[in-house]
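Thanks for coming. I will take one structure and walk through it, beginning with a pocket and then moving to the strands.

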Amino acid sequence: MKKHEPFKIPIWEFELDINNDILEEYCLQFSKTTPSVTKSNQGGYQSPNLLLDWIEISRLVSDIEWRLREIQEETPLVVSNIWFNINRYKDTNLPHVHPMSYYSGVYYVKTPKDCGEIILEHPALPLLHHYPNGGKDALFIGEAKEKSLYIFPSWLKHYVSPNLNEDQERISISFNTTNGGG
């Protein structure tokens with residue numbers, strides 16, 4: 001596990017042992033039969049919320065919740081909703097936050113060369129431009145790597161840079177969390 005704290009805000013990175021071939025096939029087949037929703041995505045495909053107990057993603061949900069217990073012991077958290085993105089050439093996700101959630105995150109299923117990164121902004125980014133270093137280190141750039149899971153506070157503004165691979169899509173699965181009780 002890696003824990004990044006570029007602005008004293010935790011961003012966790014984990015490597016998961018998941019069969020991405022199954023997830024990739026599931027996402028591609030699902031996208032052929034279900035229309036895309038439009039939220040932060042500019043181009044590409046974004047699924048509606050998926051059922052958490054679908055066999056294809058239930059293992060991923062379990063792994064995410066296991067990692068949530070590692071980082072948030074005092075309040076049990078669970079995945080509240082999950083969806084996937086397929087970003088083709090030049091597709092991107094605009095800056096956004098995830099309201100009504102504790103933590104959010106992304107898991108990378110398929111990441112060809114030059115497919116873009118996740119970028120998280122320091123919450124005071126507009127103010128930091130007034131200082132001599134011009135906001136240097138005010139962005140955390142997370143590499144899109146297959147089997148990588150990033151978890152971060154849901155209020156932290158983030159976006160995804162465009163996929164610049166002309167031949168292959170980037171596939172990622174995103175989620176939100178809520179208090180699981182207990």
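**The pocket and the strands around it**

The largest pocket has 28 residues in its lining, and those nearest its centre are Gln46, Trp83, His96, His98 and Ser174. Before going on, a caution: this is a predicted model. The volume of the largest pocket comes to about 350 Å³. Several elements give two or more residues to the lining, namely β5, β6 (92-96), β7 (103-110), β11 (158-160) and β12 (170-179). What is the make-up of the lining by class? There are ten nonpolar, 16 polar and two charged residues.

Is asparagine 85 buried or exposed? Its relative accessibility is 5%, and the cut-off for buried is under 20%, so asparagine 85 counts as buried. Its side chain makes a polar contact of 2.8 Å with the side chain of glutamine 46, and Gln46 is one of the residues nearest the centre of the largest pocket. Leaving aside residues up to four places away in sequence, asparagine 85 touches Tyr45, Gln46, Asn93, Arg170, Ile171, Ser172 and Ser174.

Asn93 takes us to a sheet. Asparagine 93 has valine 160 in β11 as its bridge partner. β6 and β11 pair in the antiparallel sense, over two bridges. They belong to an open sheet of five strands, ordered β3-β6-β11-β8-β9, with antiparallel pairing. At the edges are β3 (41-42) and β9 (139-142), each pairing on one side only.

Now β10, residues 148-153. This strand is mostly covered, with six of its six residues buried.

Last, a residue in a helix. Glutamate 25 lies in helix α1, residues 20-33. Its relative accessibility is 42%, between the 20% and 50% cut-offs, so glutamate 25 counts as partly exposed. Glutamate 25 and glutamate 56 are 31 residues apart in sequence, and their C-alpha atoms are 9.5 Å apart in space.

Key. Residues numbered from 1 in each chain as written. Predicted model: local features only at pLDDT ≥ 70, side-chain atom pairs only at ≥ 80, totals over all residues. Heavy atoms only, no water. Buried < 20%, exposed > 50% of the residue type's maximum accessible area, 1.4 Å probe, protein only. Polar contact = N/O pair within 3.5 Å; in protein donor to acceptor, adjacent residues only side chain to side chain. Contact = heavy atoms within 4.5 Å. Helix = DSSP H or I, 4+ residues; strand = E, 2+ residues; numbered from the N terminus. 1 Å grid on protein atoms, 1.4 Å probe; cavity = no way out; pocket = protein on both sides within 12 Å on 5 of 7 lines; lining within 4 Å. Points joined across faces, edges and corners; volume = space filled by probe spheres on them. Nonpolar A, V, L, I, M, F, W, Y, C, P; charged D, E, K, R; others polar. Pairing = 2+ DSSP bridges.
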